[in-house]
Amino acid sequence: MDGIKYAVFTEKSIRLLGNNQYTSNVESGSTRTEIKHWVELFFGVKVIAMNSHRLPRKGRRVRPIMGHTMHYRRMIITLQPGYSIPPLIEKRT
């Protein structure tokens, strides 16, 4: 489970839970097949579809130096009917 960072709880992700779709942020270097294998192995569910997109970078300034946040991808994982994933721990900042 090194590739999956944390679950995402937004208005859209909560709405997608009704369609048996779960949203989480993953490492940018992880492939779709790796994430699918990890989810099926760790939670014991059957994944039928996965959608992913990269989120835009956000700028961070430390005095005169301009930097950027880390890159990551957001995955929307669709499970077969009858399967579910228990609630994941939300990242607290």
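## A walk through the fold

Of the 93 residues in this protein, 30% count as buried, where buried means under 20% relative accessible area, exposed means over 50%, and partly exposed is anything in between (1.4 Å probe, protein chains only). Keep in mind that this is a predicted model, so local features need pLDDT of at least 70 and side-chain atom pairs count only at pLDDT 80 or more, while totals for chains, interfaces and linings use all residues. Residues are numbered from 1 along each chain as its sequence is written, and side-chain values use heavy atoms, with hydrogens and water left out.

Let's start with the overall layout. The C-alpha atoms fill a box of roughly 55 × 25 × 20 Å along the principal axes. Helices here are DSSP runs of H or I with at least four residues, strands are runs of E with at least two, and both are numbered from the N terminus.

Now for the sheet. Four strands make an open sheet: its 4 strands come in the order β1-β2-β6-β3, with antiparallel pairing. The edges are β1 and β3 (47–54), each of which pairs on one side only. On average, neighbouring strands of this sheet are turned by 30° against each other, direction ignored; the axes behind such angles are lines fitted to C-alpha atoms (for helices, over the stretch in contact), and angles run from 0 to 180 degrees between N-to-C directions. Two strands are said to pair if DSSP finds at least two bridges between them. In general, strands of a sheet pair through backbone hydrogen bonds, either parallel or antiparallel.

On one side, 7 bridges join β2 (residues 21–27) to β6 (residues 72–79), and the two run antiparallel. Strand β3 is also joined to β6 by 7 bridges, again in antiparallel fashion. Arg 74 shows up in both pairings: Asn 25 has Arg 74 as its bridge partner in β6, and His 53 stands opposite Arg 74. As for cover, β6 is mostly shielded, with 7 of its 8 residues buried.

Next comes the hairpin. Strands β4 (residues 59–62) and β5 (residues 65–68) run antiparallel and are joined by 4 bridges. One of the contacts is between Arg 60 and Gly 67, its bridge partner in β5. The hairpin has 2 residues between the strands, and Arg 63 takes a positive phi near 55° there. With 73% relative accessibility, Arg 63 is exposed. From Arg 63 to Lys 5, 58 residues apart along the chain, the C-alpha separation is 29 Å. Arg 57 and Gly 67 are 10 residues apart in sequence, and their C-alpha atoms are 9.9 Å apart in space.

Most residues other than glycine have a negative phi, and most peptide bonds are trans. Asn 20 belongs to the loop between α1 and β2, and with a relative accessible area of 14%, Asn 20 is buried.

What about the surface? Phe 9, Ile 14 and Leu 17 make a nonpolar patch of about 270 Å². Patches take residues with over 30% relative accessible area and no salt bridge, joining like charges within 9 Å and nonpolar side chains (Val, Leu, Ile, Met, Phe, Trp, Tyr) within 5 Å. Phe 9 itself lies in the loop between β1 (4–7) and α1 (11–16), and at 36% relative accessibility Phe 9 is partly exposed.

Last stop: the aromatics. The structure holds 1 aromatic pair. Phe 42 and Phe 43 form it edge-to-face, at 4.9 Å centre to centre with 85° between the planes. Rings of Phe, Tyr and Trp (its six-membered ring) pair if their centres lie within 6.5 Å, and planes under 30 degrees apart count as stacked, over 60 as edge-to-face and the rest as tilted. Phe 42 is exposed, with a relative accessible area of 55%.

Notes
Areas by Shrake-Rupley, 256 points an atom, 1.4 Å probe, with all protein chains shown as cover. Salt bridge = Lys/Arg side-chain N within 4 Å of Asp/Glu carboxyl O.
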